[in-house]
Amino acid sequence: MEFAIGAVAACGACFFSNPMDVLKTRMQLQGELKARGHYTLIYKNIIHAGIAVAKNDGILGLQKGLVPALGYQVVMNGIRFGLYQKILDSEIITRADGSVSTMGCIAAGAGVGVVGGFIGSPLYLVKTHLQSQAAESIAVGHQHKHQGFMPALWGIAKKEGIRGLWRGAVSSIPRVGVGSASQLFTYSKSKDWLEQYGFYARDSWQSTFFGAMASGLVIASCMSPFDVIATRIYNQGLDTQGRGLLYKGITDCILKTLKTEGVWGFYKGWTAIYLRIGPHSFLNLIFWDLLQSLYINVHPCLHHQIYKNASTRKK
């Protein structure tokens, strides 16, 4: 049930955060492998990007890639939160006083993130392709021109085989590992500090909000370089032999980006990443609590076990 609740809660949050994900993808692909001042700045900032997409792609353009994004949330966060809760329940990383070990939290967070991210990689691949597709006047990056979610999945599998659906999956490992570890660690510690210094109770919505926004800041800063790399490797076009037109792999992408765009290139779309992750985390956790409450009301006999699990997670 932890897997199902985590998946549904993540999907609820995804409806609200997907537009920021679209803008983040566009801004990360803008000026790819070009020095600043040597390309047309289509998206000047996050607000300008939103207006440009709505004007040229229509208001629904802000929800491009929503179906695979929802599917990715089901797989990624269903597995990630479900496994993380199982680890907490097993008390493997729990100290004698009930608190969670710092290193154990980081290691568990990274591990469950990698597992969920790798399994959900085909959905992330299609999501990236669809989110990058745009009207010609605002197009950035390679344009795959898929006709939708299922045609994209079928087309990739038919052209590249099943292995093609996991193209770029390796680039997602550092992204989801760093992102998951920093999120779960920072969120837990932020709530601890807020309660310790008497600001908000650990189970209050204020604590959830500030914990989510604080973790979003850390995630955006730590994950941005890996997110840019993953987006570009997933989105690049292929030659007739199935090799990337721009990058051979993660190392090649890092070196080429650093050489042509400098360190700044790894932080393109940082604002969109933060504005997506912070609210997404908050909504995800709020939906999680609501779904747990609903499940408890529908299944009163399981109240004791759910309450025990929730108490363990909050330590």
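Biologist: Lys-64 forms a salt bridge with Asp-57, so how is a salt bridge defined here?

Modeller: Side chains of opposite charge can pair when their charged atoms come close. The term is used when a side-chain nitrogen of Lys or Arg lies within 4 Å of a carboxyl oxygen of Asp or Glu, and for Lys-64 and Asp-57 the closest N and O atoms are 3.8 Å apart. This is a predicted model, in which local features need pLDDT of at least 70 and side-chain atom pairs count only at pLDDT 80 or more, while totals for chains, interfaces and linings use all residues. Residues are numbered from 1 along each chain as its sequence is written, and side-chain values use heavy atoms, with hydrogens and water left out.

Biologist: How many salt bridges does a search of the whole structure find?

Modeller: The search finds twelve, and one of them joins the side chains of Asp-227 and Arg-175, at 2.4 Å from N to O. Asp-227 belongs to helix α8 (residues 205-235) and Arg-175 to helix α7 (residues 169-196), so the pair ties together parts that are 52 residues apart in sequence. Helices are DSSP runs of H or I with at least four residues, numbered from the N terminus.

Key
Helix = DSSP H or I, 4+ residues; strand = E, 2+ residues; numbered from the N terminus.
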